[in-house]
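Please read the following briefing alongside the sequence and the model. It begins with a single side chain and then widens to the pairs, the strands and the chain.

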Amino acid sequence: MPNFSRKTQNNLLPKLVPQFIKRVDMIQGGGGSGTIEQINITQDVHFKCAKYRNDEMDKENLVCKYTMIEGDALLMKSNLCKFN
């Protein structure tokens, strides 16, 4: 399995799903646990951005846990979302 850097993943995601994701910006951190990133969504979706914090990254077991902390997507249902 390729070992892509976080920066490479952020550049690749908009190319894989350009109909949904405009760009991904790293706001704070270096790509590991505690890093805060913002996904900017295209105009075709009902919300514009989602900001999340990486809580845990386990490359060996392919696990990434993160918490959505800000953005239009949160306004639909709740103030905080956690993903495993």
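Tyr52 is buried, with a relative accessible area of 9%, where buried means under 20% relative accessible area, exposed means over 50%, and partly exposed lies in between (1.4 Å probe, protein chains only). This is a predicted model, in which local features need pLDDT of at least 70 and side-chain atom pairs count only at pLDDT 80 or more, while totals for chains, interfaces and linings use all residues. Residues are numbered from 1 along each chain as its sequence is written, and side-chain values use heavy atoms, with hydrogens and water left out.

**Tyr52 and its aromatic partner**

- One aromatic pair is found in a search of the whole structure, the rule being that rings of Phe, Tyr and Trp (its six-membered ring) pair if their centres lie within 6.5 Å, with planes under 30 degrees apart counted as stacked, over 60 as edge-to-face and the rest as tilted.
- The ring centres of Tyr52 and Tyr66 are 5.0 Å apart and the ring planes stand at 55°, so this pair is classed as tilted.
- The pair links distant parts of the chain, since Tyr52 belongs to strand β3 (residues 49-58) and Tyr66 to strand β4 (residues 63-71), 14 residues apart; strands (E, at least two residues) and helices (H or I, at least four) are DSSP runs, numbered from the N terminus.
- Whereas Tyr52 is buried at 9%, Tyr66 counts as partly exposed at 27% relative accessibility.

**The nonpolar core**

- Tyr52 also belongs to the largest nonpolar core, whose six residues are Ile21, Val24, Ile39, Ile41, Phe47 and Tyr52; such a core is a set of buried Ala, Val, Leu, Ile, Met, Phe, Trp, Tyr and Cys residues joined through side-chain atoms within 4.5 Å.
- Two or more residues of this core come from each of β1 (21-28) and β2 (36-41).
- In soluble globular proteins, nonpolar side chains tend to be buried together.
- Ile21, which lies in strand β1, counts as buried at 12% relative accessibility.
- Leaving aside residues up to four places away in sequence, Ile21 touches Leu13, Pro14, Ile39, Asn40 and Thr42, a contact being heavy atoms within 4.5 Å.
- The C-alpha atoms of Ile21 and Asn40 are separated by 6.1 Å, although these residues are 19 apart along the chain.

**Strand pairing**

- β2 and β3 run antiparallel and are joined by five bridges, two strands being taken as paired if DSSP finds at least two bridges between them.
- The bridge partner of Glu56 in β4 is Lys65.

**Salt bridges and the surroundings of Glu56**

- The count of salt bridges comes to four, where a salt bridge is a side-chain nitrogen of Lys or Arg within 4 Å of a carboxyl oxygen of Asp or Glu.
- One of them joins the side chains of Glu56 and Lys65 at 3.8 Å, N to O, and both residues count as partly exposed, Glu56 at 34% and Lys65 at 30% relative accessibility.
- Glu56, placed in strand β3, touches Ser33, Val63, Cys64 and Lys65 when residues up to four places away in sequence are not counted.
- The C-alpha atoms of Glu56 and Tyr66, 10 residues apart along the chain, are separated by 6.8 Å.
- The side chains of Arg53 and Asp55 meet in another salt bridge (2.8 Å, N to O), with Arg53 partly exposed at 31% and Asp55 partly exposed at 31%.
- Asp25 forms a salt bridge with Arg23, the closest N and O atoms being 3.1 Å apart; Asp25 is partly exposed at 25%, as is Arg23 at 41% relative accessibility.

**The chain overall**

- The chain holds one helix and five strands, which run α-β-β-β-β-β from the N terminus on.
- Of the 84 residues in the chain, 30% are buried.
- Among contacts in the chain with a separation of 6 or more, 15% are between residues 24 or more positions apart.
- The accessible surface of the chain comes to about 6100 Å², with 53% of that belonging to carbon and sulfur atoms, and accessible areas come from the Shrake-Rupley method with a 1.4 Å probe, where for residues only the protein chains shown count as cover.
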